[in-house]
There are 2 protein chains.
Amino acid sequence: MDQVTSIGALRKPLPEELRLALAALFEDRFSTAAAIREHHGRDESSYDPMPPDAVVFAQDTEEVAQAVSLCAAHGVPVIPYGTGTSLEGHVLALRGGVTIDLSQMNRVLAVHADDLTATVQAGVTRKQLNQEIRDTGLFFPIDPGADASLGGMAATRASGTNAVRYGTMRENTLALTVVTADGNVIKTGTRARKSSAGYDLTRVFVGSEGTLGIITEVTVRLYPQPEAVSAAVCSFPSTAAAVNCVIRTIQMGIPVARVEFLDENSVRSINAHDSLALPEKPLLLFEFHGSEHGVREQAQLVQDIAAEHGADGFEWATRPEDRTRLWTARHNAYFAMLQMRPGARAISTDCCVPISRLAECILDTQADCEKQQMVYAIIGHVGDGNFHVLMMIDPHDPVDVAKAEGVNARMVARALSMDGTCTGEHGVGMHKMDFLLQEHGAPAIDMMRLLKRAFDPANIMNPGKIVRW
Amino acid sequence: MDQVTSIGALRKPLPEELRLALAALFEDRFSTAAAIREHHGRDESSYDPMPPDAVVFAQDTEEVAQAVSLCAAHGVPVIPYGTGTSLEGHVLALRGGVTIDLSQMNRVLAVHADDLTATVQAGVTRKQLNQEIRDTGLFFPIDPGADASLGGMAATRASGTNAVRYGTMRENTLALTVVTADGNVIKTGTRARKSSAGYDLTRVFVGSEGTLGIITEVTVRLYPQPEAVSAAVCSFPSTAAAVNCVIRTIQMGIPVARVEFLDENSVRSINAHDSLALPEKPLLLFEFHGSEHGVREQAQLVQDIAAEHGADGFEWATRPEDRTRLWTARHNAYFAMLQMRPGARAISTDCCVPISRLAECILDTQADCEKQQMVYAIIGHVGDGNFHVLMMIDPHDPVDVAKAEGVNARMVARALSMDGTCTGEHGVGMHKMDFLLQEHGAPAIDMMRLLKRAFDPANIMNPGKIVRW
């Protein structure tokens, strides 16, 4: 069923018996206040809010299980909520129901430094985890733009700037605790680094966006802080030159830790937002991790490749404060770009293609944006073949929305024709369900639907996301 | 239902109509000859053969889909077969049915060297793939002991000696073509390096051992051949010293490409089998990949750690032919060990624990083997916390079998108590179903069963493996 028509048709008031039971269980952590519901009915997408009927703030797995059991008994939808920073409408309460806010589940449960693992409650954010483990000499590398929760990052199969070297949540999640649709609690794995023990339940739930169960605890891999880190910024005469430099770097197997592309529009907006003075040309931001010598060696190789592609010098940021400033600017890019058109909301696209096709995919997309006269900027985790176009639009102007959706649809079609994907790291939510069908084809989507129906036969777990019922 | 009682109870003769249809379709690639059936009814485990009723040799995905459709119409079991090198009874036809031999599906379909990917038919073996891509400067790192097929490796979530650096089939499979239980053909992914596009069907099928569908094509990641490679052998005064050296190496984040442990018994057997003269003491075999300088740097760090743990020198094998000889000996270890007790069959165990617990797990297991007076050897992909005990037994001597199963059961219990897994890389097959329940607990196994029933409602896909119906 189409989401928009479903809202009115399927939305029912919260049963009084359920309301009373949740209120008794959660006391002042149960709310039906309009402001609380409104806050939980939106994410960073350009959709208008669709608030749930109630919100509970859970503090442990057992409370989540109790809330789900109660909702299941009444056939009421349940939506998990971490930091609300998703980008495709993941947390919108399309059919009402109860949002379970996990932000108070913010305890780091165990750090096994000797095993390079940590287990956290789902509401712990990536920055909090890194803060709490800073004395161990270890770090957790995965860094989506927002300071997202680990539960949300697992649920959307998030990645970020370090994925080219360290992988995504897919590779770095060892085990999960999950509350299933009938309120049972399961553990999906162990702390062993690898396993062939049966179906990979961990990776069934990673990327399932709350539609198969609610992730309440996450065990992740940690990494020793590298002996040496250096960062470099490098401007190019054209987008093609910058991206071709990255393609060559990846094909040579140089183990860069990060390589980010920013188009001229992005550079201009972060210059303004973060008081930087970067040349307003297509730019690559590199980071190298390793031994002192290894880092120098990698950087020299990349510098040579950059020079072959006409780069304007190679500016080093070896002092930690300079590196932090650059990467903070990069992480703030989303907010910086919003300032390109004050009052606008952003539509963010997110495709990922095999590396050899990346330049072509970005250039054709850029040409389309120019043709449509969009206010836009392009940034990319280009080492993975992943990039985002942010288009600043007025979400209430149908012409604006249609133009942006047109650019997005053509970009997805382009990525799929290159054997790429409609979403590298943002997930499907309610926005990419049609693209998902284009990407996988009906028989594969049928298998996804079989999985959804097997794990959530009453369709109460974040309904209306990923696959249509 | 218990497997052993199920054999007689559920085995029915092949319906004549199905036999005729398969014979018409596959012509001389359809067989009911006793020798062919017998050959397909066994693997490298110590189980007696359980032959299927018929074998077909498929040459492409469409033929597999046709065979599955025909079997599905008659409710007849279907078992995929690659090289028959599984270790837990994966390919035994517990309930009869039709084995689909994929060894003639041996074409490399596409090598995208610029994207570092290859797509192969499921019957292509790992050595064949590396042979066919040798001129591209790339290689495929995953190397279980046998020259297994890529389809079988994906189906068992295999790994091997390079996994510590390059990951397992879980991390290196980008996409699969799968024939589902009703004979449909699906593609589970694209060639993008990362994706958040819906449920991770690729990883649902990786490790599913033919019980959810038949993998017919595999797209894998390739890696640039390292600029420099060096290998070193190093003997230790004790097992504890050797394993503690590895633990320290991993904790420091040194990116070793391989680190293999061989106990004294293993060294003795490969010395005899491969005419080597290694000191008959616990031994580590290292390999380093990187730049010339990087490899020297890693090796020096590891050499220092080894010295701290009382290692007897560090013997280098820098010439390719010396390295090949060492690694060939390591890969032949399984067959070398079988010679420790001529005429015996091997029971191979396969647990994996968090790295800090590895020494304790190996030492306690070794003590148990000694106490039980087993003919045994221990080898391990110790960088991952994974090791195998091979016990050479007479599979028809119940005392011998009971002793070996006792060692295995205690070792699994030990690994699980350390938050490890009952199988690092061999899979579940028919041998580890009870251990799987111990590891995951009943609620998680119930979720696996929901998945199995959703994807294979008639229970025809390799029935009797992984989860009980």
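# Exercises on a two-chain predicted model

Chain A is assigned four domains: domain 1 (3-104), domain 2 (108-224), domain 3 (228-335) and domain 4 (340-427); the bounds come from an automatic or database domain assignment. The model is predicted: local features need pLDDT of at least 70, side-chain atom pairs count only at pLDDT 80 or more, and totals for chains, interfaces and linings use all residues. Residues are numbered from 1 along each chain as its sequence is written, and chains are lettered from A and ligands numbered from 1 in the order in which they are written.

## Exercise 1

Describe the side of domain 1 of chain A that touches domain 2 of chain A.

Solution. Start with the centres, taken over C-alpha atoms: those of domain 1 and domain 2 of chain A are 23 Å apart. Next, count contacts: 17 residues of domain 1 of chain A touch 22 residues of domain 2 of chain A, two residues being in contact if their C-beta atoms, placed from the backbone, lie within 7 Å. Then assign elements, where helices (H or I, at least four residues) and strands (E, at least two) are DSSP runs, numbered from the N terminus. Helix H4 (61-74) and strand E3 (78-81) of chain A are the elements giving two or more residues to this side of domain 1. H4(A) has the largest share, 6 residues. Last, sort by class: this side of domain 1 has 8 nonpolar, 9 polar and no charged residues. Here Ala, Val, Leu, Ile, Met, Phe, Trp, Tyr, Cys and Pro count as nonpolar, Asp, Glu, Lys and Arg as charged, and the others, Gly among them, as polar.

## Exercise 2

Work out how chain B is related to chain A, and what the side of chain B that touches chain A consists of.

Solution. Superpose the copies by least squares on the C-alpha atoms of residues with pLDDT of at least 70 in both. The same surface serves both copies, since 99% of the contact residues of chain B recur in chain A.

Then turn to the interface: 76 residues of chain B are in contact with 75 residues of chain A. H18(B) gives the most to the side of chain B that touches chain A, with 9 residues. By class, that side has 29 nonpolar, 30 polar and 17 charged residues.

## Exercise 3

Compare the directions of helix H12 (residues 292-308) in chain A and in chain B, and list the residues that meet.

Solution. The two axes come within 10 Å and cross at roughly 165°; axes are lines fitted to C-alpha atoms, for helices over the stretch in contact, and angles run from 0 to 180 degrees between N-to-C directions. H12(A) is therefore roughly antiparallel to H12(B), a word used for angles over 145 degrees. Finally, A:His293, A:Gly294 and A:Glu297 meet B:His293, B:Gly294 and B:Glu297.

## Exercise 4

Describe the packing of helix H2 (residues 16-26) and helix H4 (residues 61-74) of chain B.

Solution. The axes lie 10 Å apart, at an angle of about 175°. H2(B) and H4(B) are therefore roughly antiparallel. H2(B) contributes B:Leu18, B:Ala21, B:Leu22 and B:Leu25, and H4(B) contributes B:Gln66, B:Ala67, B:Leu70, B:Cys71 and B:His74. By class, the contact has 7 nonpolar, 2 polar and no charged residues.

Terms used:
Parallel < 35°, antiparallel > 145°, perpendicular 65-115°, else oblique.
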